[in-house]
Amino acid sequence: MAQTPYEVLGVKPDASADEIRKIYRQLAKQFHPDLNPGKPEAEERFKAVSAAYDLLSDPEKRARYDRGEIDESGAERPPRSYYRGYAEGAEGRKYQPEGEMDLGDLEDLFAAFGSAGRGWRGRGGEGFRARGGDRHFTLTVDFVEAATGAKQRLSLAPEQWLDVTIPPGINDGQVLRLRGKGGPGLGGGPAGDALIEVHVAPHPLFRRDRDNIRMELPISLAEAVLGARVTVPTITGPVTMTIPKGSDTGAQLRLRGKGIQRKKGPGDQYVTLKVVVGPSGDPELAAFLEKWAPRHPFDPREGTRS
Amino acid sequence: MIAFEELLDRFAGLDRRELSRWVENRWVLPERRDRTWIFHEIDVARVELILEVRREFAIDDEALSLVLGLLDQVYDLRRQLGRVCDALAAQPPEIQAAVRQALPRATEPDTSRD
């Protein structure tokens, strides 16, 4: 069933003439076809709104409609040729803005839209050649792969992938450009590039500090006091490290050359020690400490007093 | 094609001075012929558009000048775009396919970035 003119305007059947006029002006502004080129639905709405307003703005017609003497199309306008129908044709050139976009031929258009110096090439006679578009991807690699370098296969589409070499020490957000791996060129033009933005996932232990790797290593009280040889993870696998006697929380040990491998020389891994007593404390240790009277007492909070 | 006087008759409420001013402002570009103006179909449609914009949308001369300027730019772009589409339609299918592939689809989110 067709909408009533009241429904078309979205007003109540007892709306005042002023109300109807206000709503109509709002809708007409919104859907005027000449203000909505390329939106055929706007023209439909505009026609419907205009027809509805034609009927409702005329008290006599509105009364007849309300009495059921005429239907909602009773006041339809004769078909109208909108300006849009001409403006987009050749005759519309008459109203072309002066000196703005007088594009003599297609080549000027490409020059206007293509970036300077690259992109559109060739003369009109031989068709046009164009460099293909760049394609953008993102790739997330894990921390160790980013640190040591890796090869990754990026899936573009079923049966279509791109092999990406991640250089050692790539930074989060760094963009890799693979020449010629973007969109195909047109008319024999070169292909565009693939631009891959690499994201580095955080690691639970390691942190990057330029070419160095930093981590915190928990050690026991005994290891701290007596010294120990412990196994420490690095980006290239576990290594053995010596903890010197009497190491404190916060002491920093360096594993030379265990950072990011660079041609100019590798970075290092820095291990910060953290002494951990244990969840409940050892009762024997507690008993010992209660009896223990240190021969060289010291105050760890000496420097904190004001 | 209709003459100035006929055009005045066609639209109720279009007044002579008003229409003359539109022509002077170069909002409408009729053809000058034998001391009168001849309006082509496009000019008539444009007059009707201006009439509506002025009356129904309560837009004054200054704003109307801006509106027409913007509309002319939009239509100019659409004409140029139409020419590009025509030129593409005349290309061999593989070039058309390549162009289609190179155009990002505005209606779909770019899933390649996930």
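Mentor: What follows is a set of questions about labels and the values behind them.

Mentor: A word on conventions: this is a predicted model, local features need pLDDT of at least 70, side-chain atom pairs count only at pLDDT 80 or more, and totals for chains, interfaces and linings use all residues. Residues are numbered from 1 along each chain as its sequence is written, and chains are lettered from A and ligands numbered from 1 in the order in which they are written.

Trainee: What makes up chain B, in helices and strands?
Mentor: Chain B has five helices and three strands, and from the N terminus on they run β-α-α-β-β-α-α-α. Helices (H or I, at least four residues) and strands (E, at least two) are DSSP runs, numbered from the N terminus.

Trainee: How do you know that the span of helix α3 of chain B agrees with its number of residues?
Mentor: The expected span of a helix is 1.5 Å times one less than its number of residues. Helix α3(B) has 16 residues, 41-56, so it should span 22 Å, and its end C-alpha atoms are 22 Å apart, which agrees.

Trainee: Which residues of α3(B) are called buried?
Mentor: A residue is buried if 20 or more other C-beta atoms lie within 10 Å of its own, exposed if 12 or fewer, and partly exposed in between, with C-beta atoms placed from the backbone. In α3(B) the buried residues include B:Ile42, B:Val44, B:Val47, B:Leu49, B:Ile50 and B:Val53. B:Asp43 and B:Arg46 are on that list too.

Trainee: What covers the buried residues of α3(B)?
Mentor: The cover includes α5 (83-87) of chain A, and from chain B it includes β1 (2-3), α1 (4-10), α2 (16-24), β3 (36-39) and α4 (61-89).

Trainee: Why is B:Ala58 called exposed?
Mentor: B:Ala58 has 10 C-beta neighbours inside 10 Å, so it counts as exposed. This residue lies in the loop between α3 and α4 of chain B.

Trainee: Where in chain A is A:Arg210, and is A:Arg210 buried or exposed?
Mentor: A:Arg210 is in the loop between β8 (207-209) and β9 (212-220) of chain A. With 10 C-beta neighbours inside 10 Å, A:Arg210 counts as exposed. Its phi is positive as well, about 50°, and it is not a glycine.

Trainee: What makes β1 and β2 (31-33) of chain B edge strands?
Mentor: Two strands pair if DSSP finds at least two bridges between them. The three strands form an open antiparallel sheet in the order β1-β3-β2 of chain B, and β1 and β2 each pair on one side only.

Trainee: How many bridges join β10 (residues 228-232) and β11 (residues 239-243) of chain A?
Mentor: Five bridges join them, and the strands run antiparallel; A:Ala228 has A:Ile243 as its bridge partner in β11(A). These strands form a hairpin with six residues between them, and A:Gly237 in the turn has a positive phi of about 120°.

Trainee: How many residues of chain A are in contact with chain B?
Mentor: 32 residues of chain A are in contact with 30 residues of chain B. Two residues are in contact if their C-beta atoms, placed from the backbone, lie within 7 Å. The elements of chain A that give two or more residues to this side are α2 (17-31), α5, α6 (106-113) and β3.

Trainee: Where in chain A does pLDDT stay under 50?
Mentor: pLDDT is the predictor's confidence in each residue, from 0 to 100. The value stays under 50 over residues 75-79 of chain A and over residues 115-126 of chain A. For chain A the mean pLDDT is 81, and 85% of its residues reach 70 or more.
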